Amino acid sequence: MIRIALAALAGVFLSLTAPLPTHAQQTDGPDLQSILQDNSELVANASRRTVQEVLDILVDSRLPEVPAFLTAWQARALYQRESDGLFVYVEDPDADALTLIDITSGEGLGTATSREVRQLRPNRGVQSVIGATLVGFQLASDDPAVRLGALDAIEDDPEERHLAALEDLVATETDPDVLERAELLLPALVIAFSDDDAPRVEAIRSLAGNISLTARRTLNPLLTTRTEFAETLPENANIARELSPGSDLLSVADAYDMLVADGLAPALIPRSDQVATLAANIVDGEVGGVPVATLNTESARDRAYAALVEAGIAPPAPTEADIAQSLGRFVFFEVYNERSAAVTSTARETLDGIETRVGFYRFLDLSLDGISLASIYFLAAIGLAITFGVMGVINMAHGEFIMIGAYTGYLVQTLVPNETASLAIAIPLAFIVTFMAGVAMERLVIRWLYHRPLETLLATFGISIALQQIVRLIFGALTQPLTPPDWMAGSVALNDVVSISSIRVAIFILAVLFFFALWLILNRTRLGLEVRAVTQNPAMAASMGINPDRINMLTFGLGSGIAGIAGVAIGLFAQVVPDMGSNYIVQSFMTVVVGGVGNIFGTLVGASIIGAFQKFVEWLNPTNTLAAQTYMIIFVILFIQFRPRGIIALRGRAAGD
Amino acid sequence: MGNSIFVRNRSVPIFIGVLALVALAVTFLSPAYGTGAVSVSFTKILGMTLCLCLAALAMDLVWGYCGILSLGHFAFFGLGGYMIGMWLMTARTEAVIRANLAESPIPPTEGEVSQATALQIFSVVGAEDWPWMWAVSDSLILSLLLVMLVPGLLALVFGWLAFRSRVTGVYLSILTQAMTLALSLYLFQNDTGLRGNNGLSGLQNIPGADAIGQERLSVWFFWASALALGLGYVGAAWLVSGKFGSIVRGIRDDELRVRFLGYPVEVYKLVVFTVSAMICGVAGALYYPQAGIINPDEIAPIASIYLAVWVAIGGRGRLYGAVIGAAAVSLLSTWFTSGRAPNVDLGFYEINWIDWWPVLLGLGFVLVTLFAPRGLAGLFDYLVRKEDT
């Protein structure tokens, strides 16, 4: 493992050291080893305070092997031979006999046991100082990736001496990615380390409208405040605002505690301490003349305590009036940790502008989330839109068809390890499996119940619990993995605010495909024509030579098969468990009902409305998705009041009853 | 009137007689008052079964007689349980807190007791104050009123909204299902004041009844459940007899025709729906002290579907059918899932009923719907060869 890491480090430094040899060959000074030997003590027992000295010497030497050396030192890959104090690298630190390597030439220096060499273990502080020096080298590298890495390091741990290097980089950089990062980082460093207000204000202004996290991370610390108090408002402090005790921002208790902490007011005596004092002074069943048995009200306790205070036994507790008077002597205010008012006001202004833009992008992000949720609802409900919406059959086992689809996907994946290939097999297979299941169910049960829709509900519910239990018996109750292919694993990000996972994009595309495919089937094919005919008037359709039995069977199979495909898609991001279907069944029915029974376009609209509404509620109260679902259902219940037939209601004869 | 119902509907005296016999039998077999052949836990199961029968009766009123397939009736059942549960928990916890604080040298103030009780009850969801909905939880009488009022009010508002806009048939079923789902999701939240998914627990400890013991309490609750079921049966029989009952059945059979005859269909439906919700509330309030715990899972949509299925299996449209269905299916479920049913060895596979019971149950639903649309009670018709309703 370490060996691989070292190899990687070496790889990086080949590219680092490459531009430097020209300097090196001109240098006639001492070589690396002798510089180190001169400062042997500083290197071997480096401390955060002293290591800079030797680092400066090394940088000044301009030796080409310095970056590689610093990297190894920082990574604790540098060793010192006990016998002569020579600094060396080691080929494989885990081997029994360590092969020593010269730090300049890379040649072997023979072997040693682990007792004969000492590994140098710079502590975290030293490592970070070394890292800061390395950054200088890295910024000068030819490889943009290394320069980006250096910028990362600066961002993690900015130091004043990076400022100049960064300014040089911004002036000379040609790679657009690196330049963008550097230009974002430069203001942060200027703001943090510049002594003068003018360049800092300028730097803040340069961040205007920049919604990246870095920009906001740069500006937010400038606006941090602390709460202080004084007898009068100080003139020279950078005051954010005055606070009055008892407001939302500063409670009376907190304000008073601040006074107490500075010894400016007598401490409050908590109720519990008062009671303890009372309990400690019970004499003959009385406290201060008040019988103990009557001490079960606050006023009796106050009287007893007052009596104790009068007797000089207990310290007086400050009254409300005392507290108000103490607070009245002082003003409380928030003061910026940043001293310069120009900087804070510019930062506030800039940040407000950024927040407005961020708000806009948040809305965009939320809309994407809403669309993605709508696609999921649509996928789950689209099969139902056919069986329930078009045929009027209440299939409570619809959720179980989704579940069977997901388990088909899981089974295929156990047989075909390649995720993309298994998905390509699973989708048609899930359709076939659930199509067959749907046809079987229609033939055996549902066709006997077409004139008793409420009883279909009960029969299919029975099938639903039986299917769930059978799957539980076969696969167990635990979650089975259905892993999405790698290309679905990432996310598509527009900027730091707006991003959406690839899998959701895929589901959105699938939902759109489903919509068009079904629309085509129902409106542009012979089967669709026959389906619509049978739905509207089975007897008339039959007299036209259509076999209603066959059409009902195929329609139900189609709806079930689509539920199966939806199951594969849902299984990719949700948990594949035997009762996963019940999570979708009620929502699916609501989606179909809201959209309007009898057409898939209604389902699309219904899913969009429900998805958008739920995300909107989540936006109002982001911590609570359960509340969002609750309000979504209440919304649906109320919505049905106003449009009992859904948004896209069929009119005239097609509506039937 | 009360007398005539016994004459007009022969099932009422028979049912009351059978119920009384069962109650007597359980009493004489119970550990507290008889031989002890029936254990305390089984007495509780029988008492709970009677409560479920009462809920099924209420379900039969709306579905069997009025044609409204409500898939959310367990919401009312659960609400009744929650209403009584709040009082049970408050009173019980307060008693414990008082007992603890009694040892402190200074007697506690009412405020301290209330605060400590609230902390004890709500610390599990990270709160320490009384939520508004517990305002009357210290009063048994008000809590008992809420047992009826809250389910009734929910049914009234929901029914008014739904019936007014003529939502019928499967749409109404889906809406009621959505209602119970919304309620259970709402209760699942920790910050809504009813302890989130922890629910209310320790309900079997009746405040002030520690000295009585669970042996006798279980029989008392059984009697109370039997009494409630008996009263519910008589009340329901009275409601569905006479003109009111005829109109309600008319709505079930042809709503439009009844409307055109000039009857305010919505009002009749609303009355039946609300009354049935209140009966469910009472059933729940008797059920959960015997069960000991209530949580939002109880009112998940599936529970209400089971309720409908019991009524369907028993035979809807006749009150004893609902009771028979609920009692038969829930007792069979208990028997099969408790591991008492003997496993069936097929040679190559051993059927373990704990695992296979749901499959059998599900297929049973299908078979009953397909081949016995009038349910188990329909079998009586073959025996008597006579229409009962």
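The model is a predicted one, in which local features need pLDDT of at least 70 and side-chain atom pairs count only at pLDDT 80 or more, while totals for chains, interfaces and linings use all residues. Residues are numbered from 1 along each chain as its sequence is written, and chains are lettered from A and ligands numbered from 1 in the order in which they are written.

Chain A brings 45 residues to the contact and chain B brings 43 residues; two residues are in contact if their C-beta atoms, placed from the backbone, lie within 7 Å. On the side of chain A that touches chain B, at least two residues each come from α14 (271–280), α20 (453–475), α25 (582–595) and α27 (625–642) of chain A. Helices (H or I, at least four residues) and strands (E, at least two) are DSSP runs, numbered from the N terminus. With 14 residues, α20(A) gives the largest share of this side. By type, 34 of the residues on this side are nonpolar, nine are polar and two are charged. Here Ala, Val, Leu, Ile, Met, Phe, Trp, Tyr, Cys and Pro count as nonpolar, Asp, Glu, Lys and Arg as charged, and the others, Gly among them, as polar.

Chain B itself contains 15 helices and four strands. Its C-alpha trace spans about 75 × 60 × 50 Å along the principal axes. Of its 389 residues, 46% are buried, that is, have 20 or more other C-beta atoms, placed from the backbone, within 10 Å of their own. Among the contacts in chain B with a separation of 6 or more, 77% join residues 24 or more positions apart.

Back in chain A, three strands make an open antiparallel sheet in the order β6-β10-β7; strands pair if DSSP finds at least two bridges between them. Its edge strands, β6 (225–230) and β7 (239–243) of chain A, each pair on one side only. Four bridges link β7(A) to β10 (residues 331–336) of chain A in the antiparallel sense. Across from A:Arg241 stands A:Glu334 in β10(A).

Strands β3 (residues 97–102) and β4 of chain A are antiparallel and share four bridges, with A:Ala97 opposite A:Thr113 in β4(A). Five residues lie between these strands, and in this hairpin A:Gly106 has a positive phi near 80°. Strand β4 (residues 108–113) of chain A is hardly covered, as the count of buried residues among its six residues is zero.

Conventions
A residue is buried if 20 or more other C-beta atoms lie within 10 Å of its own, exposed if 12 or fewer, and partly exposed in between; C-beta atoms are placed from the backbone.
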